[in-house]
Amino acid sequence: MDFITVTVILLAISTAGVLISIGTMLLPIGGAPAAMFTSTGIATGAEMMLTGSGITGILMSAALFREGGLIVMVNAGLSSAIMMSTVMLICNLLAVYGRGIPPALYTREKDPVTGENVKIYVTPGTTGHGIPTSCFISGVIGAFLGGFGGSLTFIPVFRVLMIKSLGLTPSIESIFSQLVEVSGSSAVSSIAAASIAVLGMFLINANITAYAIRGVIEGWWDPKFKNAPRTALACFLASMVFGFITLLFIL
Amino acid sequence: MGDAVEPIMLAVGVLALIVGLVIVAGWFEDAESDVGSQSNPNSQVQLAPQVGTIHRFFNKAISGEPISNGMWCMTAGTIFVALWLGWNIYPLISIPLSCGLTTLFHMTLATTAYLGRVASQRRFGQPIYIDVLLSHLPLIGAHGFMVTLTILAVSYITYTASTSTIINLDISRYIGYPVAIPILALMLGIISGSIGSSTGDTHYGGERLYQHTVYGEGISTKHYGVITVKAELGWRNSIDTVWFCSKYGSMMAGLCYGLILLFDNFRLFLGSIYGRTILNVGVGVAILLMLFLANRWIEAWARRRFGPYMENTGFKGGK
Amino acid sequence: MGHSGVVAKAEEKISIRSSYLAALALVLSLSGICLGIPSIAALLAIPSIIWGADAVRRIASYGLGTGVPSIGNLSVSIGILSSLVGLKYNPILGLLVAGAAGFMFGIITSRLKILKIPRLPRLITELALSGYLTLTCLIVGVAKTDLLPVFFNSLLTDDVVKALFWTGFIASIYWASTLAIFHPFNAGLGADERQGRTLRIAIVTSGMAVCLSGIVRLGNAGILGRPWMVYDAAVMIIAGGLIWVYGLLSLYNICSRESALTLWTGIPGRGV
């Protein structure tokens, strides 16, 4: 394996870390208070939601393991985005019909996307409830970035292991292009090793970002989003360390 | 039989089976987290003795739902692969056997969580009720059994569809994930946990746990910790909770999981039939647009119908 | 749940000193890996799990803001990749990689002010090392087919690749270790948390992890076609099961003694 391929893989894994981190900060997370309709967003932790939606993207990447490069990553991002939007829709259904509450934001007077006045719908004593339209859009973009980043880690690791098991030498074209007809049963070991690496990537980056968020975030307009550059730098460096260890294993 | 049925028809049948199984998995997963009071609303059950409300709920604080559901499904998948690939025990016998052995792991972790958490609340005076422990554990195990059974069946079907043949037909182009079964069960369990945690838990925490507060508003922080401890007859425990929540909250969680797998596999289907992966992207964007419009309609309808928040309505509610 | 901000830790009574646990775990687990007998290696993963649970206890009592499982997931993710590196080259190299990676993660997280916890690099290094030792001990227990000692050679033969990756068992060891390390503190969390009770829960979860590894080895014996692996598997399942049951009984005894009240049934606020 030549030096350029190694550098490209290392850069890919580090960029994936940055994408996952920004994706986590864009998700509308309500944490434990949202389960009691005390804050806007989805009622679970940030790292859990990103890992759940990212893994849906990885399943799609594994199913499309013969295709090449960019199209698989876009498909994985779309899978994560569809999962996230279904979850957000059902959350709203539960808020409206289960408890009789309309969705409302708290950090802004007017909704950033539709421009409606939302302050009048907020219950006093709470910081919003449900998932308004701008949180929905923020969540879709965040999940897309998370799925894209996960697939960006999955494809190089899987392809290097697969190509080595076929006896050839990996190069940049063979990593990001379509694969010759390989049956599913010969790809199982490589997909397994790549899945473990991707799980590690999701858990590390999403957890570092969750420490920076500290519980509740609404979207790109939230004051906590100002921490995004610092967190993205931390995830870049952490993913570089992680990518280095992964390269030690797969080479 | 293999000549008369085309691979596409068989793949459609497998898709329908997978979606049905996964709806049941999501339903029971959220019901299991309600009967043990796990994850986000558990913070209220944990807070209640600190503000003076002694309760008879089961305080199962294992971790977030994705991680613990991943654990049960992964354990079931591991024991299944050990029995099936290792000792050639027929899947119809080894699937229920592995799910049954997993309930031992499940009930152990639930027991340690309840005993540990309540013992650490000594200064607030919350007792350990042995009858709560012993009456809830079989229910927790049974719900976990249903979750692992369905998720393991889905993993087995999709793994076999992508790596070998089903009824002598090769449908690996249309459906299936070529991921090894323990890892696939782990992933499906994590997805199931994150869905059940984000959707079904709001029905439990927002409605059932604070049933004495006024319907139609969020729960403000002044109510925190003062949960509903009296039931329809006697004192409330988590079995009453799952009786209520499995009718709406858990059902929506199951529906959510079924919809997600339906959309994903439908996209894969269309792309494979016509051989162009770009079709997946187009169908995906169309589905996203449809979901966005549905969300916008629900939001506008609720705001128009319910109106802004009105103070001093005069409703007090009971306790 | 954890609260945000740094909280000054009050004087607490602990049953075993943390440095004693660390030294014991390092020595025992490393010798278990190098000795190469699978059942003994798997049983010597237990000191590492207890060390990891104690490290989680020390780091999470400062208040993480997002819950205990997050720090467990982070460190064991570092551990699993280092464990795979150690499998491919050399177990001692894997140990150094795990320690170095954990230290760098700690430096990155504390310098960029993501988490404000005193002595964070040292704590994350301890967690990463305990995760690495647990995983490697259990991998040796699960996938090793012979009884030769291991010093500076790699363990990654074709059989091991098939036993761990083609079957997918690597995920079982990974997830069971993650839960075994962070569950004890999460289950014992509260105002009156005590180290002795938390470490007893760690005994229960480590017994579960060893029992599960025994079942995995039983499956590998059939898949690889080497029936003599069954003897080690039987030892692991029985020993793991006994430790599991002993841990549960002793946990029940101590919790029923140390809780406010232990009743068969009753109405809250009115005693028996």
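Domain bounds here come from an automatic or database domain assignment. The views below all show a predicted model.

**View 1. The two domains of chain B.**
Chain B is divided into domain 1, covering 7-274, and domain 2, covering 276-305. Taken over C-alpha atoms, the centres of domain 1 of chain B and domain 2 of chain B are separated by 27 Å. Where these domains meet, six residues come from domain 1 of chain B and seven residues from domain 2 of chain B. The side of domain 1 of chain B that touches domain 2 of chain B has, by class, four nonpolar, one polar and one charged residues.

**View 2. Where chain B meets chain A.**
Let us turn to the contact between two chains. Chain B brings 67 residues to this contact, and chain A brings 67 residues. On the side of chain B that touches chain A, at least two residues each are supplied by helices H2 (42-47), H5 (130-163), H6 (181-198), H7, H9 (249-274) and H10 (278-306) of chain B. Which helix gives the most to this side of chain B? That is H10(B), with 15 residues. Sorted by class, the residues of the side of chain B that touches chain A are 33 nonpolar, 26 polar and eight charged.

**View 3. A helix of chain A beside a helix of chain B.**
Two packed helices are described by the angle between their axes and the distance between the axes. In this view, the axes of helix H4 (residues 69-99) of chain A and helix H7 (residues 200-208) of chain B come within 10 Å and cross at roughly 25°. Angles under 35 degrees count as roughly parallel, so H4(A) and H7(B) are roughly parallel to each other. The crossing of H4(A) past H7(B) is right-handed. From H4(A), the residues Cys91(A), Leu94(A), Ala95(A), Gly98(A) and Arg99(A) meet Thr202(B), His203(B), Gly206(B) and Glu207(B) from H7(B). The contact of H4(A) with H7(B) has three nonpolar, four polar and two charged residues.

**View 4. Where chain A meets chain C.**
Next comes the contact of chain A with chain C. Here 31 residues are taken from chain A and 32 residues from chain C. Two helices of chain A, H7 (188-213) and H8 (228-250), each supply at least two residues of the side of chain A that touches chain C. With 14 residues, H7(A) gives the most to this side of chain A. The side of chain A that touches chain C is made up of 21 nonpolar, seven polar and three charged residues.

**View 5. A helix pair within chain B.**
Back in chain B, look for helix H1 (residues 7-35) and helix H8 (residues 238-245), whose axes come within 8 Å and cross at roughly 150°. Are these helices roughly parallel or roughly antiparallel to each other? Angles over 145 degrees count as roughly antiparallel, and H1(B) and H8(B) are therefore roughly antiparallel to each other. H1(B) and H8(B) make a right-handed crossing. Ala31(B), Asp34(B) and Val35(B) are the residues in H1(B) that meet Ser238(B), Ile239(B), Thr241(B), Val242(B) and Cys245(B) in H8(B). By class, the contact of H1(B) with H8(B) divides into five nonpolar, two polar and one charged residues.

**View 6. The surroundings of Tyr204(B).**
Tyr204(B) sits in helix H7 of chain B. Is Tyr204(B) buried or exposed? A residue is buried if 20 or more other C-beta atoms lie within 10 Å of its own; Tyr204(B) has 31 C-beta neighbours inside 10 Å, so Tyr204(B) counts as buried. Leaving aside neighbours within four places in sequence, the residues in contact with Tyr204(B) are Asp34(B), Pro41(B), Leu209(B), Thr241(B), Cys245(B) and Gly249(B). Ser246(B) is 42 residues from Tyr204(B) along the chain, and their C-alpha atoms are separated by 9.5 Å.

**View 7. Two loop residues with a positive phi.**
Ile167(B) is found in the loop between H5 and H6 of chain B. Although Ile167(B) is not a glycine, its phi is positive, at about 45°. Ile167(B) counts as exposed because it has 9 C-beta neighbours inside 10 Å. In chain C, Arg119(C) is found in the loop between helix H5 (91-111) and helix H6 (120-143). Arg119(C) has a positive phi of about 55°, although Arg119(C) is not a glycine. With 13 other C-beta atoms within 10 Å, Arg119(C) is partly exposed.

Conventions: Residues are numbered from 1 along each chain as its sequence is written. Chains are lettered from A and ligands numbered from 1 in the order in which they are written. This is a predicted model: local features need pLDDT of at least 70, side-chain atom pairs count only at pLDDT 80 or more; totals for chains, interfaces and linings use all residues. Helices (H or I, at least four residues) and strands (E, at least two) are DSSP runs, numbered from the N terminus. Ala, Val, Leu, Ile, Met, Phe, Trp, Tyr, Cys and Pro count as nonpolar, Asp, Glu, Lys and Arg as charged, and the others, Gly among them, as polar. Axes are lines fitted to C-alpha atoms, for helices over the stretch in contact, and angles run from 0 to 180 degrees between N-to-C directions. Angles under 35 degrees count as roughly parallel, over 145 as roughly antiparallel, 65 to 115 as roughly perpendicular and the rest as oblique. A crossing is left-handed if the near helix is turned anticlockwise from the far one by less than a right angle, and right-handed if clockwise. A residue is buried if 20 or more other C-beta atoms lie within 10 Å of its own, exposed if 12 or fewer, and partly exposed in between; C-beta atoms are placed from the backbone.
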